[in-house]
Amino acid sequence: MKTTSAPGAAPATATHRDRASLLGLYERIVLIREFEERVKFLFLEGTMPGTIHQCQGQEATAVGVCSALQPGDYITSTFRGHGHALAKGLSVQELLDELFGATTGCCKGKGGSMHMGNMDKGMVPGIAIVAGGIPLAAGMALAFKMQKKPQVVACFFGDGAVAEGAFHEGVNMAAIWNLPVVLVCENNLYGASTHIGKVMKNPKISDRAASYGFRGETVDGNDVLAVLAAAERAVAECRAGKGPVLLELLTYRRTGHSRRDACHYQPKDEREAWFARDPITRFAEVLLARPDVKQADLDAIKAKIDAEIQTAVVNAQKAPQPTLANLTEDVFA
Amino acid sequence: MKRQGIAEALRDGIAEEMMRDSSVFCIGEDIGVPGGWGGAFTVTLGLSEKFPGRIIDTPIAELGFTGMAVGAAMMGMRPIADMQYGDFLFLASDQLINNAAKMRYMSGGTIKVPMVMRAPIGATGRGSQHAQSMERYFTGVPGLKVVAVSTAYDAKGMLKAAVRDDNPVMIFEHKLLYGSKGARAEPGAVDATSDIPDEDYVVPLDRAVVRREGKHVTILGWLLMAHFAAQAAEQLAQEGIEAEVIDVRSLSPIDYETIGASLRKTGRVVIVEEGPKTGGVSAEIAAGIMEHCGDSLQAPVVRVASPDVPVPFSPILENAYRPDVARIVAAARSLAQM
Ligand SMILES: Cc1ncc(C[n+]2csc(CCOP(=O)(O)OP(=O)(O)O)c2C)c(N)n1
Ligand SMILES: [Mg+2]
């Protein structure tokens, strides 16, 4: 895997971060993995309605980017938004309640898996139209600029989105007006079942930034510290009026595209190679190389998360369901 | 003769047309990837091996591949475009509405655009952006033919008719009708299988069909609602109300001959539509009924449709949103008693 960083970028090591913040990052990525695994189980078991698009294997992109943001900053997301939501600080409970269609869910049960969000926590409901979030994020950034606010917006999208007209139109306008938007492309090599090699002649997505006149970089998206460092640089540039920035984060989806997809289109050796680069195992290795982190610390984090998720599942299954009166509410402001 | 569901019938129909005419090809997202799905609902599964180079997987670029289908059609090809979910037709609509639909007219009758656009619709637990009933947005576009297939027999026959037609034809399919069994069956799926003849056949693109005869009230529906209307008629029969059920099926143009013949018998009509009431196809049909056979009405037209809200995710709300058998029965019953 080719990994290029901006000149002078901090190497992706744990040396200059303190123990507490590192364990905080670890907790977030494990939380996303455990959440997704539990949701997968509930879905396959048949207790959870709807459809799901999950992000096992891509946890470091969500956590690295969102950890570089301030609480007042926003993200936009996609149909694959559970990880983004948890990374941006939405609670396990409000997400599970949403997945069960309860009124206590982050969108009162009206959004569902593909539209997770909570504006109070800086997350626009996921936009399930591929690339649909890009012009929208640029527009949010335009508002920040016009209102002279210091906020930035991080816009998550997949490799598949790059082929849409909305990508070109939104990115070009973000570029010409130097808007504070971090364009975060999670390149997991596939758009649905289609490999990027089949649908782009230049598979290096970060190259596209130069053609619009701004900076882009490709980062190892399974290295949470590398993502965090790149996101911190990008956010700082955007806040300084030097946006946008395109971050291409190389990663891999360990699970199906949606529902019961068995991923037969992913070659076995490719899957194995990427599984060997799992973001959680890799980060655990980095942490354990420090004298002040022991396996027992990591085990304790996982145990705490499992307990939290277990309680939240029990609560979500008895969370209040909407009534008919709710059907026609919320259409207009 | 064999028993098939809509997905298999469409697949065979496409394969037979591709065999018959080398200018027919398929274009869309994830339709021919080895190890993939054959489109989101398996319709083109296995066809890429059978027809190398003629099942074209595109980038995620609906405006682009739709425009390419229009252009290829103008140059003598007969593309069958696959919109993964009907909701994405909004991205493609410029090419469909401004180009495909108008090319013939703007060119003074010199250009042909023999293309097919297939798109699944319906509220199926996926939330607001993968659920919309899209047919309403295209039925009012001069230059487009719009059909909706609710049985496997019609799916194959109308697909073939659409491929052979020299105009752009949109075929709407319903996610809950592709198959009620097997790996990709959905909760709430309805059996839409038919006996499919071995020989070649087409179903015309401009004819409604009477699914059940009755004399007290006519119920009009299409796609999932045609099935719900038939189920409602079963229940009504037990109460002594004989409902005539018509699958409207061709949404543009609308077959007022078949509808009018029924209304002259029953004098009463319930129009059922899955999408929101305001601006729906049912509104057009209601107005058309007044113009074509309003004098045979013995009671006002009644519509059963969804409320004017986006499709909600929560199953409780979604089920309340979508018209169901009980609502159709109640509407037909009170109309029959008027
Ligand atoms: C406009 C549009 N076209 C097609 C789809 C169907 N679809 C949903 S996800 C997806 C693949 C997206 O790939 P990518 O952007 O790489 O994101 P990933 O799934 O890999 O996270 C497709 C084709 C959609 N939701 N929206
Ligand atoms: Mg992708």
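What span should the 16 residues of helix H9 of chain A have at 1.5 Å a residue, and how far apart are the end C-alpha atoms? Helix H9 (residues 224-239) of chain A should span 22 Å, and its end C-alpha atoms are 22 Å apart, which agrees. The expected span is 1.5 Å times one less than the number of residues in the helix. Helices (H or I, at least four residues) and strands (E, at least two) are DSSP runs, numbered from the N terminus.

This is a predicted model, in which local features need pLDDT of at least 70 and side-chain atom pairs count only at pLDDT 80 or more, while totals for chains, interfaces and linings use all residues. Residues are numbered from 1 along each chain as its sequence is written, chains are lettered from A and ligands numbered from 1 in the order in which they are written, and side-chain values use heavy atoms, with hydrogens and water left out.

**Helix H9 of chain A**

H9(A) is mostly covered, since 12 of its 16 residues are buried. Buried means under 20% relative accessible area, exposed over 50%, and partly exposed in between, with a 1.4 Å probe and protein chains only. Among the buried residues of H9(A) are A:Val224, A:Leu228, A:Arg233 and A:Cys238.

**The magnesium ion**

The magnesium ion (ligand 2) is coordinated at 2.0 to 2.1 Å by A:Asp159 (OD), A:Asn188 (OD1) and A:Tyr190 (O). Along the chain, these donors follow the spacing D-x28-N-x1-Y. Donors are N, O and S atoms within 2.8 Å of the metal (3.2 Å for Na, K and Ca); water is not among the atoms, so sites may look incomplete. A:Asn188 has a relative accessible area of 6% and is therefore buried. A:Tyr190, at 5% relative accessibility, also counts as buried.

**Pockets and cavities**

On a 1 Å grid over the protein atoms alone, a cavity is a set of points where a 1.4 Å probe fits but cannot get out, and a pocket is an open set with protein on both sides within 12 Å along at least five of seven lines; lining residues have an atom within 4 Å of a point. Grid points are joined across faces, edges and corners, and a volume is the space filled by probe spheres set on the points.

| Space | Volume |
|---|---|
| Largest pocket | about 690 Å³ |
| Second largest pocket | about 450 Å³ |
| Largest cavity | about 600 Å³ |
| Second largest cavity | about 90 Å³ |

The largest pocket is lined by 26 residues, and those nearest its centre include A:Lys110, A:Asp330 and B:Ser128. Domain 1 (2-196) and domain 2 (209-336) of chain B both give residues to this lining, so the largest pocket lies between them. The domain bounds come from an automatic or database domain assignment.

The second largest pocket has 23 lining residues, with B:Glu186 and B:Pro187 among those nearest its centre. H10(B) gives the largest share of that lining, 3 residues.

The structure holds 7 cavities of 30 Å³ or more. Of the 41 residues that line the largest cavity, those closest to its centre include A:His53, A:Phe79 and A:His257. Strand S2 (153-158) and strand S4 (190-191) of chain A are the elements that give two or more residues to the lining of the largest cavity. The second largest cavity is lined by 13 residues, and A:Gly160 and B:Pro59 are among those nearest its centre.
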